[in-house]
4 protein chains.
Amino acid sequence: MQSRSPASRTGRPRSATADAAILAATREALVELGWSKLTLGDVATRAGVAKTTLYRRWAGKNELVVDAVAELFDELELPDSGSLAADIEGVVLQFAAILARPEAKSGLMAVVAEATRDDALRERIRASVVDRQKRLVLEGRSRAQARGELPPEPDPATASRTADLVFDMVAGAVVHRTLVSGKPVDEAWVRGFTLVLLRGLAAEAAHTAAG
Amino acid sequence: MQSRSPASRTGRPRSATADAAILAATREALVELGWSKLTLGDVATRAGVAKTTLYRRWAGKNELVVDAVAELFDELELPDSGSLAADIEGVVLQFAAILARPEAKSGLMAVVAEATRDDALRERIRASVVDRQKRLVLEGRSRAQARGELPPEPDPATASRTADLVFDMVAGAVVHRTLVSGKPVDEAWVRGFTLVLLRGLAAEAAHTAAG
Amino acid sequence: MQSRSPASRTGRPRSATADAAILAATREALVELGWSKLTLGDVATRAGVAKTTLYRRWAGKNELVVDAVAELFDELELPDSGSLAADIEGVVLQFAAILARPEAKSGLMAVVAEATRDDALRERIRASVVDRQKRLVLEGRSRAQARGELPPEPDPATASRTADLVFDMVAGAVVHRTLVSGKPVDEAWVRGFTLVLLRGLAAEAAHTAAG
Amino acid sequence: MQSRSPASRTGRPRSATADAAILAATREALVELGWSKLTLGDVATRAGVAKTTLYRRWAGKNELVVDAVAELFDELELPDSGSLAADIEGVVLQFAAILARPEAKSGLMAVVAEATRDDALRERIRASVVDRQKRLVLEGRSRAQARGELPPEPDPATASRTADLVFDMVAGAVVHRTLVSGKPVDEAWVRGFTLVLLRGLAAEAAHTAAG
DNA sequence: TTATAAGCGAGACGGTACGTCTCGTCTTCAT
DNA sequence: ATGAAGACGAGACGTACCGTCTCGCTTATAA
């Protein structure tokens with residue numbers, strides 16, 4: 001989250017509660033004001049904390065917002081609904097529900113936009129948000145393989161590439177529908193999307209195996 | 001682009017060249033500074049124009065950037081390569097190439113983020129950028145239908161829903177891979193993506209027809 | 001007071017009233033807060049002016065306070081009371097009265113202290129405050145010479161040196177008594193002081209003439 | 001200098017060297033930074049001491065600086081040069097030499113300025129600096145009376161008033177010439193000043209005696 | 001040809017937030 | 001209990017942009 005010299009034994013320790021208060025205040029401000037009108041001074045005030053305390057722990061608005069938003073996605077969970085399609089539909093709906101929350105969409109897209117010019121920020125986003133959720137794709141696949149819905153992946157490189165593709169397609173489509181098209185990710189859409197995705201992957205797997 | 005009272009017949013007319021200069025200066029500033037450090041004062045200076053001139057024509061930074069970025073996507077063209085897969089691959093590669101340009105990714109994602117809290121802005125983006133390019137999906141489909149690669153759509157509602165889904169999947173996946181995953185949209189990736197998409201759509205069409 | 005490029009013909013002209021409002025607000029703040037607690041933000045607020053307007057015209061707190069205080073001394077006037085001693089007593093009392101005002105003593109001594117490390121500031125003080133009042137010494141002397149109370153000065157260098165000495169002695173003694181000794185400059189003290197000064201000068205003149 | 005509960009017998013005793021180190025560090029910082037840029041944190045660092053230690057012993061910047069500067073004036077000594085004029089010239093030169101040192105002028109004038117709004121501070125200055133040096137005036141006078149250069153003072157009230165006047169005139173003139181006029185207090189100036197002062201006093205004494 | 005009207009560059013205006021600095025206090029561990 | 005270390009709430013600093021305004025000037029149409 002934020003660094004500090006590793007062996008600081010002396011001096012007053014940093015307040016443990018301040019961190020949580022700041023991140024909560026950040027999300028609150030994102031809901032009320034959105035990213036562009038969020039100011040660090042206001043966040044500090046909401047958190048009952050001095051501006052210096054905030055700057056001591058985060059380098060700036062972007063880093064703070066990434067941390068505040070990342071926590072939201074930790075509640076994602078892969079449902080065990082018995083079939084791969086249902087599992088996917090479940091997790092996509094959860095993902096869409098989080099993304100529909102104003103603190104998530106307002107903050108996340110803004111930092112992604114900022115990350116186009118800031119490699120360290122992109123890395124932070126990937127580490128805090130994306131990679132942490134990629135587990136869902138991997139877990140879903142192994143479950144489906146255990147159930148016999150998907151064949152085992154012979155080649156690890158192909159497996160990884162496919163997982164990345166699935167992640168880009170799922171996250172990308174949901175984000176685009178929510179934020180750009182501005183239409184709801186409802187059950188009907190999710191069913192259609194999942195159908196296309198799974199049939200496409202199955203066909204591709206057959207093709208790859210054959211080729 | 002910008003409004004003006006419908007019947008202003010008298011007074012000095014607005015400079016025609018200023019608009020183009022401002023939009024070009026905006027793109028230049030996006031490349032050098034990114035969205036968050038772009039200032040309207042700086043754009044005005046680069047364009048050799050007074051700030052008032054700029055404010056007379058655009059309401060603010062967001063509107064200006066939408067217009068500046070929208071022009072970039074007009075160069076997209078559906079190649080006629082003989083097969084649906086190749087057509088899609090071609091247009092996806094073009095789209096990815098535009099999105100890789102710093103003025104596009106920096107500006108576009110930022111205004112999309114802003115649009116999460118500003119319906120008028122979202123509408124402007126949809127009108128200026130998204131809907132203007134949806135023609136590619138429609139044109140690609142009719143061509144494929146003409147070639148016999150796709151069956152004709154019996155139901156216009158389904159047709160529209162499918163076109164939206166395709167657009168969300170294509171745009172979403174490319175944007176996510178470029179901006180979030182931070183990996184290149186190269187020919188290999190495009191081939192894999194297109195394969196999954198088309199097989200999925202074909203299977204879904206069969207399923208829908210059967211259902 | 002403050003500089004600006006000499007021939008600025010274009011652009012909105014600076015508000016003429018702002019200057020006066022700022023200087024008055026500065027004196028008001030000096031009275032209420034003293035120099036060390038006076039903040040430029042507060043002065044700006046009192047003057048009904050933005051901080052930027054203030055910084056556009058003065059380089060900082062010191063320069064502003066010098067200008068605000070200098071105006072106070074312009075009301076000094078050499079009374080024509082018929083005798084040199086009475087003239088001096090009158091002007092010393094006036095000087096002491098101004099110096100007793102909180103905006104004068106708080107501000108003036110602070111900028112003098114600052115000027116110990118800032119030659120430009122010392123020069124500004126000398127030009128705005130000291131030299132502008134040295135006229136009183138010169139005028140008093142010529143009047144006394146016209147009355148025959150003092151002999152004409154044969155040597156201009158000696159005349160200048162003596163004027164400087166008188167100024168240092170008068171201003172120094174009054175300031176020291178007011179600010180350091182913290183005792184009032186009342187008529188009794190002024191009479192004693194003037195007596196010593198004049199007798200000393202007369203004796204010195206005789207000595208110089210003889211030598 | 002600083003207070004402490006009278007009967008603290010237990011606990012770790014205060015470091016004796018810390019006081020000296022802090023005052024020396026204060027003077028060093030005054031030389032390098034001047035009063036307004038001197039910070040207590042910086043002084044603590046220079047003295048190799050924690051900020052808390054410093055605040056435990058002094059109430060604030062002003063009190064600290066008064067103590068640091070007061071020590072400088074203890075080296076003043078009345079020379080015994082055989083005549084009153086020479087004695088005065090000697091001590092004025094010494095005083096001017098101290099006042100010319102940056103830690104003295106920068107610090108002293110600033111606390112005097114602060115003292116215009118802080119009676120306790122003015123009292124501290126008078127006790128630590130002014131009254132401690134008034135001994136020079138008194139000693140000089142008794143010596144001159146012993147030598148027969150000055151008549152004995154019949155009236156103690158007059159004697160005190162005259163001593164105060166002398167002190168204000170001497171200190172005031174030297175300070176004004178050094179800090180405001182910005183000219184050196186050299187032997188020529190001192191000779192002229194002493195001449196005026198002594199002749200004035202002599203004439204005034206005669207006048208008072210006669211009246 | 002003159003009036004009227006809007007656009008134009010320049011730059012000052014009242015605001016707001018920035019990120020940094022210093023203040024004086026508090027909390028920890030070690031002496 | 002004192003000391004060094006350093007985090008803390010508070011608030012001023014001087015700067016940068018914001019979006020508006022006021023200038024004097026230019027460039028049009030309409031009278």
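How many residues does the contact take from chain A and from chain B? In this predicted model, the contact takes 39 residues from chain A and 39 residues from chain B. On the side of chain A that touches chain B, the elements giving two or more residues are α6 (102–115), α7 (119–147), α8 (156–181) and α9 (187–210) of chain A. The most comes from α8(A), which gives 13 residues. By kind, this side of chain A divides into 19 nonpolar, 11 polar and nine charged residues.

The nonpolar cores were examined next. The largest nonpolar core has 114 residues. Contacts of M109(B) were then listed, leaving out residues up to four places away in sequence. M109(B) touches M109(A), V112(A), A113(A) and T116(A) in chain A. In chain B, M109(B) touches L179(B). Another core, of 113 residues, lies apart from the largest one. Among the residues of this other core are V137(C), L30(D), A173(D) and L195(D).

Chains C and D were compared by superposition. In general, two copies of a chain are related by a rotation about an axis and a shift along it. Chain C can be laid on chain D by a turn of 180° and a shift of 0.0 Å along the axis. The RMSD is 0.1 Å. This is the relation of a two-fold axis. The same surface serves both copies. Of the contact residues of chain C, 100% recur in chain D.

Methods: Residues are numbered from 1 along each chain as its sequence is written. Chains are lettered from A and ligands numbered from 1 in the order in which they are written. This is a predicted model: local features need pLDDT of at least 70, side-chain atom pairs count only at pLDDT 80 or more; totals for chains, interfaces and linings use all residues. A nonpolar core is a set of buried Ala, Val, Leu, Ile, Met, Phe, Trp, Tyr and Cys residues joined through C-beta atoms within 7 Å. A residue is buried if 20 or more other C-beta atoms lie within 10 Å of its own, exposed if 12 or fewer, and partly exposed in between; C-beta atoms are placed from the backbone. Two residues are in contact if their C-beta atoms, placed from the backbone, lie within 7 Å. Helices (H or I, at least four residues) and strands (E, at least two) are DSSP runs, numbered from the N terminus. Ala, Val, Leu, Ile, Met, Phe, Trp, Tyr, Cys and Pro count as nonpolar, Asp, Glu, Lys and Arg as charged, and the others, Gly among them, as polar. Copies are superposed by least squares on the C-alpha atoms of residues with pLDDT of at least 70 in both.
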